[in-house]
Amino acid sequence: MPSQIVVTGLGIISPIGIGVSEFWKAALDGRSGVSTIAGFDPFPMDGYRSKVAGQIHGFAPERYLDSVQAERVDRYAQFALVATKEALADSGLQLAKENPRRIGVIVGAGMGGMVMGEREITQLYQSQRPHRVHPNFIPVITLNSASGIVAMAHGAKGPNYTISTACSSSAHALGQAMQCIREGRADVVITVGADASITPLVFAGFCSLRALSTRYNDQPERASRPFDRLRDGFVMGEGAGALVLESASHAKKRKARIYAEVAGYAATSEAYHMVIPREDGEEIASTMRLAMADAGIAASQIDYINAHATSTSIGDAVEAKAIRQVFRSRADSIAVSATKSLVGHTLGAAGAIGGIASVLAIHTGQIHPTANYEEPDPACALRGIKAAVQERKVKAALLNAFGFGSNNAAVVIKRYAA
Amino acid sequence: MSDRDVTEKIVAALADYLKRDPASIQLDHHLRDDLGLDSMAVIELLYKIEEVFDLQIPDQDLVALSTVGAVAQYVEQRLVPVKRPARPSAKGKKTT
């Protein structure tokens, strides 16, 4: 069974760029992709407490996808298709030469097809004409529509499933993809995280949860500010990230460029509260330790943490506390960055997008800034959080992701050495 | 609506939420420390209060609503337009 699983292709669609090079350039500039929501046609934003989000403006699916494919699925799955297409091209995989049964697809999605979902539900309740519910409603809102359409688009006949653990969905997808290859069930797994639910109902729901930033409605680019003293909630985002994972032997046989190795993964539950993390940080600390143990590396070897860091008051503080518990005297010498400061919280896509930022940190030696980190909060101050780019040879990185439903994930990504 | 009515309605909402006798709820009870409401439960309670009193409570006001009495006093103030303090504009808030 393969012992090393590597990343050979990346693809992304995000509020700061479509395509990896555009994304990474904007990320290194520390540019915020958060903007004002123009309104949820037909009604305005007046009734919403929060009015900003990390939106992908002007996305025209037909520019990237054939129209039949694009029309059959919701926005999040279109994002998944676009990111996958780029990642596969980037990997250099020639699918025609591969055994399709050895290529899997694992997608992480938190909300799924909410654009059509909300529209159809509204229409049914208003019209009371059940026979006018769109025939494609069920296939679109079924949560594995993205993993299905991605496999169909590329003829991937291996393991195919969707993981839905809210905000940690695609970190789990990444970990599960690694395990799938490690267990010998596939040579290649296309791993995707995708969500696009800046929709009237979902957005209202997050407002009602009092989870979103409301203080920066007039300055959207300042709203997502993880670890900063003036943070006041997360900012919703949308997008997708795709990573092509394969066994190192498979990658070497086809002389592929290897970005990094996915070396370890842990999945835990706090079994505590639907939306609140345990304040002592013990469960998060334990998840990070388990992931490092799975990777066979010591805490002393981690030089970068791509934090979950959503910009909520309690969440960021608990994560920082957990980092201190695990890394003790080294906690301040580890580089930490929050990708959500740039793109907002893309929910089910967050783990994959953070994973891409981690892979690129290892590959390029540059760690993107944490935007809006202006004044450290004593409750979560770590010296490795910077508002500027950090140049550092990252040998091993830890990706954190936590989700509603009391669930945690951590993934270790490291520099590949044969 | 008199201040007493407001308080009674809030205590009733709390008693209903907590499934306990309204008489056992006091104004100086701390929502978290005495009544055991976590932050999510406070949000649910305020959601109910918003409906009962036809109010919208901005996120920024939540932090001051720590006791039963503070919630009652807040709602009373919000219900009397004359007494209601000028609410800071969004612009004023974010610069603090």
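Helices (H or I, at least four residues) and strands (E, at least two) are taken as DSSP runs and numbered from the N terminus. The structure is a predicted model, in which local features need pLDDT of at least 70 and side-chain atom pairs count only at pLDDT 80 or more, while totals for chains, interfaces and linings use all residues. Residues are numbered from 1 along each chain as its sequence is written, and chains are lettered from A and ligands numbered from 1 in the order in which they are written.

Chain B contains four helices and zero strands, and its elements follow the order α-α-α-α from the N terminus. Of its 96 residues, 17% count as buried, a residue being buried if 20 or more other C-beta atoms lie within 10 Å of its own, exposed if 12 or fewer, and partly exposed in between, with C-beta atoms placed from the backbone. Two residues are in contact if their C-beta atoms, placed from the backbone, lie within 7 Å. Among the contacts in chain B with a separation of 6 or more, 58% join residues 24 or more positions apart.

Chain A is divided into domain 1 (5-253) and domain 2 (265-414), with bounds that come from an automatic or database domain assignment. Over C-alpha atoms, the centres of the two domains of chain A are 21 Å apart. The contact between them takes 62 residues from domain 1 and 54 residues from domain 2. On the domain 1 side, at least two residues each are supplied by strand S1 (5-14), helix H1 (20-28), strand S4 (52-54), helix H7 (169-182), strand S7 (188-195) and strand S8 (239-247) of chain A. Helix H7(A) gives the largest share of this side, nine residues. By class, the side of domain 1 comprises 31 nonpolar, 23 polar and eight charged residues; here Ala, Val, Leu, Ile, Met, Phe, Trp, Tyr, Cys and Pro count as nonpolar, Asp, Glu, Lys and Arg as charged, and the others, Gly among them, as polar.

H7(A) also packs against helix H13 (residues 350-364) of chain A, at an angle of about 65° and with the axes 5 Å apart. Axes are lines fitted to C-alpha atoms, for helices over the stretch in contact, and angles run from 0 to 180 degrees between N-to-C directions. A:Ser169, A:Ser170, A:Ala171, A:Ala173 and A:Leu174 of H7(A) meet A:Ala350, A:Gly351, A:Ala352 and A:Gly355 of H13(A). This contact has five nonpolar, four polar and no charged residues.

A nonpolar core is a set of buried Ala, Val, Leu, Ile, Met, Phe, Trp, Tyr and Cys residues joined through C-beta atoms within 7 Å. The largest has 141 residues, of which A:Ala80, A:Val192, A:Ala194 and A:Val411 touch the most other members. Both domain 1 and domain 2 of chain A contribute at least three residues to this core. Beyond its neighbours within four places in sequence, A:Val192 has contacts that include A:Ala80, A:Ala173 and A:Ala352.

Helix H3 (75-91) of chain A is mostly covered, with 14 of its 17 residues buried. A:Gly92, which follows H3(A), has a positive phi near 75°. H3(A) is also among the elements that cover the buried residues of H4(A), where A:Met114, A:Val115 and A:Met116 are buried. Just after H4(A), A:Gln128 takes a positive phi of about 55°.
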